[in-house]
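Hi,

Here is the structure I promised to pass on. Please have a look at it first; my notes on what turned up follow below.

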Amino acid sequence: MSPKEYIKREPLMPQPATNFIPERDIHKSPVIECRNLGIDFGGLSAVSNFNIAMGPTEISGLIGPNGAGKTTIFNLLTKVYQPTHGTILLNGVDTHNMTPAQVSQAGIGRTFQNIRLFKDMSVIDNVLVGLHYQIDYGLGTSIFRLPRFFSEEKKAREKALELLSIFDMADMADTKSGSLPYGAQRRLEIVRALATDPCLLLLDEPAAGMNPMETEELMENIVRIRDMFQIAILLIEHDMKLVMGICEVIGVLNFGQLIAKGTPDEIQSNPAVIEAYLGKQKEE
Amino acid sequence: MIKSVKIKDRIEKSVLTYISVTAVFLVFFVMNMTGALSSKISGMLVPICVYVVMALSLNLTVGIMGELSLGHAGFMAVGAFTGTSVTMMLSDSVSNSAVRLIIGMVVGALFGALIGFLIGIPVLRLKGDYLAIVTLAFGEIIKSFFSNIYLGTENGSLRFSVLQNNLDLSEENGKIIIEGAMGIRSIPKTATFLIGYILVMICLAVIFNMIKSRTGRAIMACRDNRIAAESVGIPVFRYKITAFTISAAMAGAAGALFGNNYSSLVASKFNIDTSILILVFVVLGGQGNMLGSIIAAAALTVLPEALRSFADYRMLTYAIILILVMLATNNPQFRSFFEKLTGKLKKNGKEGGHES
C-alpha cells in the first residue's frame, strides 16, 4: 500500500455502541467487524459508513428496500468489489488487498441472489468443488491415480454426502445440478458454501421463490446449521416472517446507509424503519 | 415427480473411449502390418493420430476450460520445430529411432508447455472474444518466429541466428537444422502408428484422470461460473493456466510427432487454417466430448483424401458435408430424423454416431 492510499482511507474511530451481539457471544471476539465500510461507483456512493460487528454464533438479517445496497455489502465483504472506504476485519484480520478466493479461504462462505451453481456438473461435484481445500492431493497424484487419490476422494465423497444429507439431498447426488428444481438449487448453494468450512455464512435471499412450507423448512434448517457448525450467519431477505422469526439482530439499510439496528421487536417499532420500509408494506 | 437428469458416469465413458480407440487401432495396425491397406491410407495413419491429439488438446481448452483458442497450431509449431530439431541432432548419438522420437516428443511437449504457460499469463487474464483474438495473434507470432530463425550444429555446439543466416557453418562438420522459411529438410521419417496410438492413449488418460479429480472439478467450476468458483476459494487464474499449459504440452507432443512424419517441415503449415481446422474437429465432435473429438478428427482428416475423386469440386464438397453435418448435429428435426434412421439400423446410436 502506498502512503498516498493510506492517507485516503478513513481513520479508524472508536465506534458508537450500536452493536447488538447476543449475550452468549458477548465475551468472544467478533467474527466480522466492519468499520466505516463504504464504496463509491464514480460519484455515486452505493454504501457508506456501514458499521457492524457479529458474534461468532449470531444469526443476523439485513433488510431494506430494493436498491438499498444489501447485495453490495455482501460483495464488499467477499471482495467481489474492493471497498473505497473503511475496513473489514475477519476474525481480527484486515481483509484489505485479499482476492475473493482468499476471503473464502479465510472463512466467508456465500450464496447468490441469482443462483450461481456449476450447472453442467453433478450435485455432488458442486459440493466437492466447495471441499477443494479439504482434499489433499496434487495434479500428479490424480493423473497417475496413486492410492492417495482414491483414499482422499472417498473421504471427500463421504463428507459431501454428509453435507447433502443436511438438506435431504443425498439421493440427488448424481443429478445434474442445473436440472434441479428451484428450491433445491438454493439449498445446494448453501451446502456448497458450507463445504468451504466457513466461520461466517452470507445468504443472499435464501427464501426467494420458495413457497411458505419450504420457507418454514428453510428457517429450521438455518438455525440447525448454526447449531451444528457453530458459525455466524448473515442473511438478506425480503420475507419478513423469516427475518423476524430467526434473526437475533436486524440491520435496516436505506440508500446505502444503515438507518436502524436492533432486535426484531425494536426494528418493528422503529419509526424510521416504518417510514422507509415497513410502512410501505402496510399500506398495500 | 422430480425430473432428474442422471449424468453418465465419466469412468464408464472413459473406458468406452479407451476400448473403442484401442479396437480401431488394432484393426488398422494389423491391416497395416499385413499390407492390406493402400499406401495412401497407411500414410495417413500418423497424421490422424496427430490431429486426434490436437483435437483432444483443444477440447481441453475449449470444452473443459471453456475458453476459445484460435492459435492452437502455434503450440503445434513449437513442438514440431523443437521436437524435430532434437531428433535431428540426436540422429548420430542415439541409434534407436523410436527412442529418438520419444525424446523429441518429450522435448516438444516441454517447450509447448513452457510457451503455453508464458502466453497464458497475459492471455488468460482476458475473457471471451478478446482471449480468442489474442491467441490468434500469438499463433501468428509463433509461426512468423519459426519461419525466420536459423539453427545449426557444428562440432557439437549449437549455432543460432534470427532473420538472416549468419551461422557460418563449416563444410565438413556443420549441419543446418532449421533454415528460415525453408524450415527443416531431409528429416528421417521416424514416426510410427504405434507411437501415435500411445500418444493418443496417454493424452486420453491425462484428460480423463484430470477431469475426474480435484483439479478438473476446479477447472470446470471456473468454466461454469467464475464468480461462484471464486466464492468457494478457487483461484481461477491458476487453474486456467494449469489447463492451458497441459493443453499446450499435448499440442507440442503432437507437433513433434507430426514433424517426424514428413521429410520436410515448414512453419507456414501452422497457420490460422490449421488452428481453425482443429477447432472444427472440437465443435463437430462436441465440446467436452472426447470420443466425439476423436471421431471428428479422424473422419475430417480422411475425408479430403477420400474426396479426391471429385477432383475440382473436392473442397466444395468438403465444405458442404461440413455444413450438413453441423446442421444435422444441431437442428432438432435433423437430429430426430437421424436418430430414427440410426435407431432402425442399430439400437444405440445416440452419441458420436453422426459424424462418420
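In this predicted model, 37 residues of chain A are in contact with 34 residues of chain B. The size of an interface is often given as the accessible area lost when the parts come together. Here chain A and chain B bury about 3,000 Å² between them, with 60% of that area on carbon and sulfur atoms.

How many salt bridges does the rule find across the interface of chain A and chain B? The count is one. The partners are A:E153 and B:R217, whose closest N and O atoms lie 3.0 Å apart. Between chain A and chain B there are also 15 residue pairs in polar contact, counting pairs with both residues at pLDDT 80 or more.

As for where the chain A side comes from, at least two residues each are supplied by α3 (100–106), β6 (108–110), α4 (123–130), α5 (139–143) and α6 (147–166) of chain A. Sorted by class, the side of chain A that touches chain B has 17 nonpolar residues, 11 charged and nine polar.

One more feature of chain A may interest you. Strand β9 (residues 249–254) of chain A runs antiparallel to strand β10 (residues 257–262) of chain A, and five bridges join them. In one of these pairings, A:G251 has A:K261 in β10(A) as its bridge partner.

Best wishes

Methods. Residues numbered from 1 in each chain as written. Chains lettered and ligands numbered in written order. Predicted model: local features only at pLDDT ≥ 70, side-chain atom pairs only at ≥ 80, totals over all residues. Heavy atoms only, no water. Contact = heavy atoms within 4.5 Å. Buried area = accessible area lost by both parts, 1.4 Å probe. Salt bridge = Lys/Arg side-chain N within 4 Å of Asp/Glu carboxyl O. Polar contact = N/O pair within 3.5 Å; in protein donor to acceptor, adjacent residues only side chain to side chain. Helix = DSSP H or I, 4+ residues; strand = E, 2+ residues; numbered from the N terminus. Nonpolar A, V, L, I, M, F, W, Y, C, P; charged D, E, K, R; others polar. Pairing = 2+ DSSP bridges.
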